[in-house]
Amino acid sequence: LYKTSFLFSASEEFLELTKSALQAALEALAPESLFGLATFSHKLGLYDVQGPIPVVKNVFIPQDAEGTLPIELEDVMPLLQFLAPVDTCKDRITSALETLRPTTSWERTPPGTGQELNGVLMGGRGFGMAMEALCNYLGSEYGNTFALARVFAFLSGPPDHGPGQLDTRRYGEQYASKGEDADRALLPEQTPFYKDLAAVAVQAGVCVDIFAVTNEYTDLASLKFLSIESGGSLFLYSNTDDSTLPQDMYRMLSRPYAFNCVLRLRTSTEFKPGHSYGHFFPDPQYENVQHIICCDSYATYAYDFEFANNVGFSRHSSEQPMVQIAFQYTVVVPPEELPGSELLSSSRGKHSIKRRLRIRTLQYGTARNLNELYDGVDPEVVLSLLVHKVILASLEEGVREGRMLLHDWLVILTSQYNEAFNLIQYKNGSSSITGQLDVTFSQCPQLQPLPRLVFALLRNPLLRFHEEGVHPDYRIYVQCLFSALEPSSLHRAIYPVLTSFSTPDKQAYPRHSLSRAALITSGSPIFFLDAYTTLIVFYSSTADPSLPFPPPHDCLLRSTINKLKQERCITPKLIFIRGGQDDASVFENYLIEEQDVNGTGLTSVMGFVSFLEDITQSVLEYMK
C-alpha cells in the first residue's frame, strides 16, 4: 500500500496551505506507506527524498494540446527511488516540502508574448499531461510494489498548459449575448480528456483526490471525472484564509478504507434494478456489477428498481421479494487486528492485505394497499433518490429541466395521495374534488416532510439559476458532495437543523422551521444551525449580555458541536455570530421559508406558503 502526493506550485498562500495539508497527511499515514512528491507547472518535477538532500528532476511539458513527454518518467527517476518509506524518511520528506517555492512571475509568461526559452513556454498548469504520465509511471508496479496508489492533486486554477488544458473563456458574458442557457452550457465537460484519464487511472490502480483552492473558474465539470470515477473525492475551497484542507486531509487518511472493491446487486424475479447512483464505474461485461477503486464507511450508493413485467408483485405468492448485495473488497489490516495464527505466520509488526467478501440478503414485505405503502416511506431516502435524479436531469437537460422534474414529481405525488384518500374522484373521464385539497399530507406522517424538502431543494445552489450568482464550479462541487452523502447527512445539507438554547448549557427546543418567525416566537437567545458543511452559532440581538460569547469550551453547546464535527466526512466550517453587532446575512440566508422559491428574494407573502399554493394550483391543472 502506498500514497503519492502531487502538488502544483502557485502563490505563497496556496503553497503554505498545501504544505500544511501534506504535513497532516504524513501524520495520518501508516508507517509502512510509501510517499512520493511531484510538482507541475510548465514542467513536471519528481523528488528523490531518500538521500541526505532532496533532489528534484524536471521534465518539460509540451505546450501543444496533442504533445507528449520527451522521456518516460521511469528513465527520469526509477519508481522505487521516487517512492520513499514514511517510517524512515518522514523528516526528509518534511525537508523537501520546505524547499518548495511559488512560481514566480517571470516563469509564467503568457502565451503569444514571444518570451519563450528554447521554444518552451514558461509558466502554466500542465496538469493533464503530468497526471497522465504519473498514472502510467505508477501503473508499471501495480500489484507488485503496491496494492493501492492514492494521488492527492492540488490545484490553484484551471489546467492551461499542454494536453488536458481547459478553455475557461466559456464562462462569462458570451452566453447572454448568444442567448444560450449558462446553466445548461457550463455543466457538461468540454473535453473527454479527464474521463478517459480516469479509465487509465483505474487500470493502474490509482485513486485520485482533487483539492481545488481557488475562486476563479476552473471547469470542475471536466475535471470531476478523474476523481469520482477513480474512487476519489473532489474538494473545493474558495480561499486559503479559512480553508479546512489540512483537517480534511487528516480525516481522510485516518479512517479505515477499502479498495479494489466489487459491488453486485441481485433481486428476485418480479423486479430488477433500474438506475444505480454513486461514485463507481459499471463493469463493461456484467449487468448490475460496479467497481469501486477506493471507499470508506461514509461512501453511499443508491439504486432504484422497476418491475420486470406488468404484473408486479403477486398477491397470491408465498415468496416475498428479495434483494442480495455482495461486496468484495481489500483492506490493510494492522498486526494487532490479526488472529493469533495469522500473526505468527506474518512478519512481526507488519500490516497485512486481506481480501474479504460480505453478502447481505434482505427480504421485504409488500404493501397490500396505498396506506401501507405510504406508511413505509422513508422521507430521507426519497430525498436522496430525488437528488440523484435531478442531478442527472440537470447534467443532461440543464438546471431548468431539473427544477421542472422535481416540481412535477411533487404535483403527481400530491394528486395520487388525494385520490387515494378520496379527496379526488374520477368518473367518466373527468375529476371532481370532494373536499379541500390536502397538499401537506396531513393524514400521512411519513409524507409530511416531503413538500418542505422539495421546497428547500429548489432553493439549494444545486438547482438555483446561474443569474442568482451560483458559480458553476460550486454547483459541480455540490453535485459531487451530495451524490456521495448518506440520507440523514444529505437531509441536513438540504434542509439544515435549527436548534435553540436558553443558555450554552441548556437546550430549549430540538428543532425549528427555517424562518424568522420561528426565531421571534421561540424567545430563545441562542440558536445553533447545522447545515452539514457549515455550523453556525447565532446569539439573538435581544440575548442577555451576561451570556458568554462565544460559548465556553466545557458547555453542552460546544460538546454538541464537537460531536458533530467528529462524525463528519469533511470538516464543517464553524461560525459565531452576535446579532445586532456582526453581519448576520450568512445565517439569515439559511432561513429559506420566507424566501421566494424562484430566488427573487423576499416576497410579499411567505415563500413556503406561496409554494404550497402553487402546488395546489398545479394539482388542479394536472387533474384537468
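The model is predicted.

Start with helix 16, residues 472-482. Ten of its eleven residues are buried, so the helix is largely enclosed by the rest of the structure. Among the buried ones are Pro472, Asp473, Arg475 and Ile476. Tyr477, Gln479 and Phe482 are also on that list.

Next comes strand 15, residues 289-296, which holds Ile293. The cut-off for buried is under 20% relative accessible area. Ile293 has 7% relative accessibility, so it counts as buried. Beyond its neighbours within four places in sequence, Ile293 is in contact with residues including Leu148, Val202, Val206, Ala258 and Phe281. Glu229 is 64 residues from Ile293 in sequence, yet their C-alpha atoms are 8.3 Å apart.

Now the aromatic rings. The count comes to 21 aromatic pairs. One of them joins Phe40 and Phe127, with centres 5.3 Å apart and 45° between the planes, a tilted arrangement. Phe40 sits in strand 3 and Phe127 in helix 5, so this pair links distant parts of the chain, 87 residues apart. Phe40 is buried at 1% relative accessible area, and Phe127 is buried at 0%.

Helix 5 also carries Tyr137. The ring centres of Phe82 and Tyr137 lie 5.6 Å apart with planes at 45°, so this pair is tilted. Phe82 belongs to helix 3, so the pair ties together parts 55 residues apart in sequence. Both residues, Phe82 and Tyr137, are buried.

Elsewhere, Phe152, Phe154, Phe211, Phe235 and Tyr237 form one aromatic cluster. Arg150 lies over the face of Tyr257, 5.1 Å from the ring centre.

How values were computed: Residues numbered from 1 in each chain as written. Predicted model: local features only at pLDDT ≥ 70, side-chain atom pairs only at ≥ 80, totals over all residues. Heavy atoms only, no water. Buried < 20%, exposed > 50% of the residue type's maximum accessible area, 1.4 Å probe, protein only. Helix = DSSP H or I, 4+ residues; strand = E, 2+ residues; numbered from the N terminus. Contact = heavy atoms within 4.5 Å. Phe/Tyr/Trp six-rings, centres within 6.5 Å; stacked < 30°, edge-to-face > 60°. Lys NZ or Arg CZ within 6 Å of the ring centre and 35° of its normal.
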